[in-house]
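User: I have a model open and want to go through it with you. Can we take it piece by piece?

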Amino acid sequence: MARAEISNQIRRLRFEHGEMTQQELAERAGCTRQTIGALEQGGYVPSLALAFRIARVFQVGVEDVFEFEE
Amino acid sequence: MTQSQKRAILTLVIWGLVAVGFAALFFGDGGPVTFGADKGRIVSTAILIGVGFTAYFVMLYLTRSRPGATRVVADERDLRIASRANGGTLIVVLVVVYLACIGLWSAYQDGGCVPVGWLWFLGYAAAMLGYLTHAAATLLLNRGMGDHGQG
């Protein structure tokens, strides 16, 4: 089975939403600034709950933030 | 820097200093052969380890989450890092203790017995190795799981 990769548009969405900082997004999504940084660099795959919370901050669907690639 | 990273760095400092002091006490003045019969060195080592534990728990208290803090201190990524660090630490400590036992057996099998000082060493070293390995693993995993400090 091919390895699944999950990419995201968090950085772009942050800048599109009033140049939101990583810290601001982290506080609104209920995680640490370091986790947002790790997500943007592709070094960490979030749980479903965190993915939904991040999508809710941007008021978009989860699939508008995260993309599943095989 | 997250709370877990801060604690890992301070843990490395505290237990690194204790390990150096322990090595100086254990290998100096007669070495492992005379350690078991030297009450002075045994007590000094116990005091050193006690100071290490005290410093460690004071550090945990000083780096605790403050009541009423709004920022998340430890999230799912920190828990995942801690879980992996725990697993890695267990394996490292088990392997090192196993290899140390094999080494002692090889070194002393002709003599018929292992100096009791080495048992003191194994006990204290295993505890210090656990703390040091967990702290190092935490820092490495933080680095490996993204967030290279870029804002």
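User: Leaving aside neighbours within four places in sequence, which residues is A:Asn8 in contact with?
Analyst: A:Asn8 is in contact with A:Leu39, A:Glu40, A:Val65 and A:Phe66. Contact means heavy atoms within 4.5 Å. A:Asn8 has its place in strand 1 of chain A. Helices (H or I, at least four residues) and strands (E, at least two) are DSSP runs, numbered from the N terminus.

User: And how far apart are A:Asn8 and A:Gly61?
Analyst: In space, 12 Å, C-alpha to C-alpha. In sequence, A:Asn8 and A:Gly61 are 53 residues apart.

User: What are the ground rules here?
Analyst: This is a predicted model: local features need pLDDT of at least 70, side-chain atom pairs count only at pLDDT 80 or more, and totals for chains, interfaces and linings use all residues. Residues are numbered from 1 along each chain as its sequence is written, chains are lettered from A and ligands numbered from 1 in the order written, and side-chain values use heavy atoms, with hydrogens and water left out.

User: Where is confidence lowest and highest in chain A?
Analyst: Lowest in strand 1 (residues 5–8), at a mean pLDDT of 89, and highest in helix 4, at 96. pLDDT is the predictor's confidence in each residue, from 0 to 100. Chain A averages 91, and 94% of the residues score at least 70.

User: Back to A:Glu40. What does its side chain meet in a salt bridge?
Analyst: A:Arg11, at 3.2 Å, N to O. The rule asks for a side-chain nitrogen of Lys or Arg within 4 Å of a carboxyl oxygen of Asp or Glu. The pair links distant parts of the chain: A:Arg11 is in helix 1 (residues 10–16) of chain A and A:Glu40 in helix 3 (residues 33–40) of chain A, 29 residues apart.

User: How many salt bridges over all chains?
Analyst: The whole structure has 4. Across the interface of chain A and chain B there are 0.

User: How much area do chain A and chain B bury between them?
Analyst: About 1500 Å², 44% of it on carbon and sulfur atoms. That is the accessible area (1.4 Å probe) that two parts lose on being put together, summed over both. A:Gln34, A:Gln41 and A:Tyr44 supply 39% of the area chain A buries against chain B, more than any other three residues. In contact are 18 residues of chain A and 18 residues of chain B.

User: New topic. Which residues meet between helix 2 and helix 4 of chain A?
Analyst: A:Leu25, A:Arg28 and A:Ala29 in helix 2 meet A:Leu50, A:Arg53, A:Ile54, A:Val57 and A:Phe58 in helix 4.
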